[in-house]
Amino acid sequence: MLFPLAIAAVCSLVYLGSSTLVLKHNNSRLAHVRDVLFPVLEITTDNVGALDKIIEQLNDAASSGEKDPLDAAATIAAKVRANYARLRGIDADKAEEFRQLAAEFDAYYSAAHAVAKEMMDKSGAPDPRSLQAMSAKLDTYRKDLLSFRDSANSRFTGTIGDATSDADGAVSTGIAIGLLSLCLTLGFGIAIARALLRQLRQALKVAQTVAAGDLTSRIEVTSHDETGQLLQALKDMNDSLARSVDEHKRLEALLQHQASHDTLTGLPNRALLQDRLKQAIATAVRSPSPIWIIFVDLDRFKLVNDSLGHKAGDAMLKQVAARLQSAVREADTVARLGGDEFVLVLPERIDGSGSLSAAVVQRILDAVAQPMMIEGHEFVTTCSMGIAVHPNDGADGETLMTHADIAMYCAKEVGRNNFRFYSPAMDARILERLRLEGELRHALERDEFELHYQPQVDLRSGRIVGMESLIRWNHPELGMISPARFITLAEETGLIVPIGAWVIRTACAQNQAWQRAGLGRLRVAVNLSARQFAQKNLAEFIMNILDETGLAAEDLEIELTESLVMTDVERAVGVLDDLKRIGVQLSIDDFGTGYSSLSYLKRFPIHVLKIDQSFVRDIATGADDAAIVALIISLAHSLKLNVIAEGVETPEQLAYLNLHDCDEMQGYFFSKPVPAEAFEKMLRSGKSLSSGFDRASA
Ligand SMILES: Nc1nc2c(ncn2[C@@H]2O[C@H](COP(=O)(O)O[C@H]3[C@@H](O)[C@H](n4cnc5c(=O)[nH]c(N)nc54)O[C@@H]3COP(=O)(O)O)[C@@H](O)[C@H]2O)c(=O)[nH]1
């Protein structure tokens, strides 16, 4: 922008400089004209006039003889002399070129002066011939003087002409320089203006593109002037806008992901699940094929969360999420509803490949049940699953989810690590469950619970050495309700803690009462639920009950299921150590159904191993179960554990257990669980195995 102005300024300076020089030069010339040439011309002209007069007077005198030519000559000679003096007075420096002329004039004057003097020196009348001769001589001088004047005149004119033409030249040069600078200024100005316009247009285009929301344009900054700075600012603005738009998009995508995904596991959340389910149903309607909706709920997860803390609980949920995903196909949906609830949507492929079957569900169960490491500890968790199948179990997502949920509850009721397909009959069970849940909350305060006792008999002596206390709910309308129907509910609602405390207190008090009544030393076993096991200061709590009831610690046996202790082995070992320290007996219930590896048994400070009734049931007929039972007995003995066989119903089963040196038995063969009064009678009657069974004869 400043460039054309700079050029114009330089041109003007050049023009001013050169004009000043020309003017200065002309000034000195004109001064020369004024000071030298003009006086010379004036003097010369004056002298020529004087000579003309002398010549005229001489000629008059020669022709008439009346006038005195000398007087005239003298007068005129005086004038010539004065002019000569003037001429010589001209500054010699300034009139260098006139020196010669002055010298010549000097010579003419001398000649004229000599003639006049010669004439004045003569006396008498002038000789006309000499006067004429003198006149002729002077005429010659006059002519010379005229030529001198012409020469001076031509110099005068030449100098004035030179000055004029130089001044004209200066004006022309000025005009030329002016025009040139104008052209240059205009040229550069136009070029710069065009470049400026081009850049401004680019800036405008970019601004319009940016305004239209497109931030991808490439802005090239080629200069550092104002437009360059404008473009750079635009580029910076564009880049910054692009960055903030990118950031905005990233945050938007994140928000969208967060809105549709579970933050902990990264799985789709309920909203996305509903969407996927809707899509799957729409596809299935077009090309009929079943969809399985599987409701998954972790068994005893609340216990893990409560006892180990939310960090461990979260770690477990993440691992379960990953396992569920790896157990199904990529096209299937695995979503988390919240807490420990997951939902799987498995559409059957139209091509028939990977058709859905119970084996698929079993694979998911197995995947979840694999041991997992959390914070350096090994855990085992299982899940219960309910399955609803589209279109049979519902036409829309909501109904299918509700039915899968109901089926899941039923799976939990029949035992954990299990699955159930939905059937309409389940609805009634769920209603009953809801009713029971409401009433269970008041059962304790209404004193509706009672304990039944099932004898545990020593196989060597045949005598009752202990009993397992088993809770019953004496419902005012429904009658006696089995714990199988409400223990899970009590666990899920947390009511198991106060109910379990009542069981321990009642069992200890009863045992102590029988012992005080002289019915002999007895051991009473109580089942401990997962929630109770997770209670802080469990050992202290039990110790207080023992103090309260006065029962010796070794007369109380705490039964823990295998899956309960295997959920968190490290913690279980710690709690069992505490319990052992206070002196109570510890037994592993349902042994063989869970995940106990034999090596774990060594780590648990237990006293008793209870063989699950599912093995005992078939020992007389099934070779495998018989072998397992024999192995468990042998193993337990090698670990110095007492072995109790549960669910003994037949003499054959009893015979087999005797044969393999089992320590104690419990089962309908000897007695079902009975109320306290009936059990007391049994004790008082001295009922024993030997009265109906001879070990030696088995
Ligand atoms: N946390 C608590 N759990 C408890 C408590 N009381 C009972 N339970 C658990 O409920 C489950 C069902 O118990 P129940 O209906 O009492 O069944 C027990 C016995 O009646 C039954 N049994 C005993 N002998 C036989 C037999 O010969 N055959 C046969 N079919 N069943 C028999 O077994 C159940 C005892 O099982 P276990 O506890 O594993 O020894 C049950 O899981 C109870 O544990 C409680 O107070 N707290």
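I call a residue buried under 20% relative accessible area, exposed over 50% and partly exposed in between, with a 1.4 Å probe and protein chains only. My notes concern a predicted model, where local features need pLDDT of at least 70, side-chain atom pairs count only at pLDDT 80 or more, and totals for chains, interfaces and linings use all residues. Residues are numbered from 1 along each chain as its sequence is written, and side-chain values use heavy atoms, with hydrogens and water left out.

**Entry 1: aromatic rings**

I began with F449: buried or exposed? F449 has 5% relative accessibility, so I noted this residue as buried. F486 is buried too, at 0%.

Next I looked up ring pairs, meaning rings of Phe, Tyr and Trp (its six-membered ring) with centres within 6.5 Å; planes under 30 degrees apart are stacked, over 60 edge-to-face, and the rest tilted. The structure has nine aromatic pairs. For F449 and F486 I found centres 5.8 Å apart and planes at 35°, so I filed the pair as tilted. This pair links distant parts of the chain, with F449 in strand β8 (residues 449-458) and F486 in helix α12 (residues 483-493), 37 residues apart. My helices (H or I, at least four residues) and strands (E, at least two) are DSSP runs, numbered from the N terminus.

F449 also pairs with W502, again tilted, at 6.2 Å between centres and 45° between planes. W502 sits in helix α13 (residues 496-516), 53 residues from F449. Which residues form one cluster here? I listed F449, W473, F486 and W502.

**Entry 2: a histidine in β8**

I stayed in strand β8 to look at H452. H452 counts as buried because its relative accessibility is 9%. Its side chain makes a polar contact of 2.9 Å with that of E450. By polar contact I mean N or O atoms within 3.5 Å; within protein, one must be able to donate a hydrogen and the other to accept it, and residues adjacent in sequence count only if both atoms are side-chain atoms.

**Entry 3: the ligand**

How many residues surround the ligand? I found 22, the closest being Q454, E468, R472, E646 and E649; a residue is near if one of its heavy atoms lies within 4 Å. The shell has eight nonpolar, seven polar and seven charged residues. Here Ala, Val, Leu, Ile, Met, Phe, Trp, Tyr, Cys and Pro are nonpolar, Asp, Glu, Lys and Arg charged, and the others, Gly among them, polar. Strand β9 (464-475) gives the largest share, four residues.

I noted a polar side-chain atom of R472 at 2.8 Å from a ligand oxygen. A backbone N or O atom of Y668 is 2.9 Å from an oxygen atom of the ligand, and a polar backbone atom of I471 is 3.1 Å from a ligand nitrogen. Alone, the ligand exposes 810 Å², of which the protein buries 82%.

Where did I find a cis peptide bond? One joins H390 and P391, with omega about 10°, and P391 lies in the loop between β6 (383-390) and α10 (397-413).

I also checked R300, a residue other than glycine with a positive phi near 55°. R300 lies in the loop between β1 (291-298) and α7 (301-308) and is buried at 18%. N537, not a glycine either, has a positive phi of about 55°. N537 is in the loop between α14 (530-533) and α15 (538-549) and is exposed at 54%.

Conventions
Accessible areas come from the Shrake-Rupley method with a 1.4 Å probe; for residues, only the protein chains shown count as cover.
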